[in-house]
Amino acid sequence: MTGKKAQTLEQRFWEKVEVGDWNNCWLWLAGTNNKGYGKFELKGTTWQAHRVAYKLSYDDFNHKLSVLHTCDNPRCCNPGHLFPGTNAD
């Protein structure tokens, strides 16, 4: 049987990101929502791509908190630019 090997979640996600230098934004290359945030489909639910990037990179994830960008670029998925916080932050 010849078939395509199933991709891991990480492979499927990161192939949609333009990964580059750690200091630069890593841009989401797939679909975005009306505010410019990347959209990633996972088990029938649409997630913001930067939240998935944070979860994949740091695992310690409080779903009650937002994932914020130090760069203020909604398409950025660089884990080094992401941090958990509240809307007040």
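The model is predicted, so local features need pLDDT of at least 70 and side-chain atom pairs count only at pLDDT 80 or more, while totals for chains, interfaces and linings use all residues. Residues are numbered from 1 along each chain as its sequence is written, and side-chain values use heavy atoms, with hydrogens and water left out.

The protein chain holds two helices and six strands, arranged along the sequence as α-β-β-β-β-α-β-β; helices (H or I, at least four residues) and strands (E, at least two) are DSSP runs, numbered from the N terminus. Along the principal axes, the C-alpha atoms fill a box of roughly 55 × 30 × 25 Å. Of the 89 residues, 27% count as buried, that is, under 20% relative accessible area with a 1.4 Å probe and protein chains only. Among contacts (heavy atoms within 4.5 Å) between residues at least 6 apart in sequence, 43% join residues at least 24 apart.

Strand 3 (residues 39-42) and strand 4 (residues 45-48) pair in the antiparallel sense over four bridges, where pairing requires that DSSP find at least two bridges between two strands. Lys-39 stands opposite Gln-48 in strand 4. Two residues lie between the strands of this hairpin, in which Lys-43 takes a positive phi near 50 degrees.

Helix 2 contains the buried residues Ala-49, His-50, Arg-51, Val-52, Ala-53 and Tyr-54. Their cover includes helix 1 (9-14), strand 2 (27-28), strand 3, strand 4, strand 5 and strand 6 (82-85). After helix 2 comes Asp-59, with a positive phi near 60 degrees.

Helix 2 (49-58) also takes part in the largest pocket: this helix and strand 5 (66-69) each supply at least two residues of the lining. A pocket is here an open set of points on a 1 Å grid over the protein atoms alone, where a 1.4 Å probe fits, with protein on both sides within 12 Å along at least five of seven lines; lining residues have an atom within 4 Å of a point. The largest pocket holds about 250 Å³ of space. Its lining comprises 15 residues, of which Tyr-37, Ser-66, Val-67, Leu-68 and His-69 are the closest to the centre. Strand 5 gives the largest share of the lining, four residues.

Conventions: Points joined across faces, edges and corners; volume = space filled by probe spheres on them. Buried < 20%, exposed > 50% of the residue type's maximum accessible area, 1.4 Å probe, protein only.
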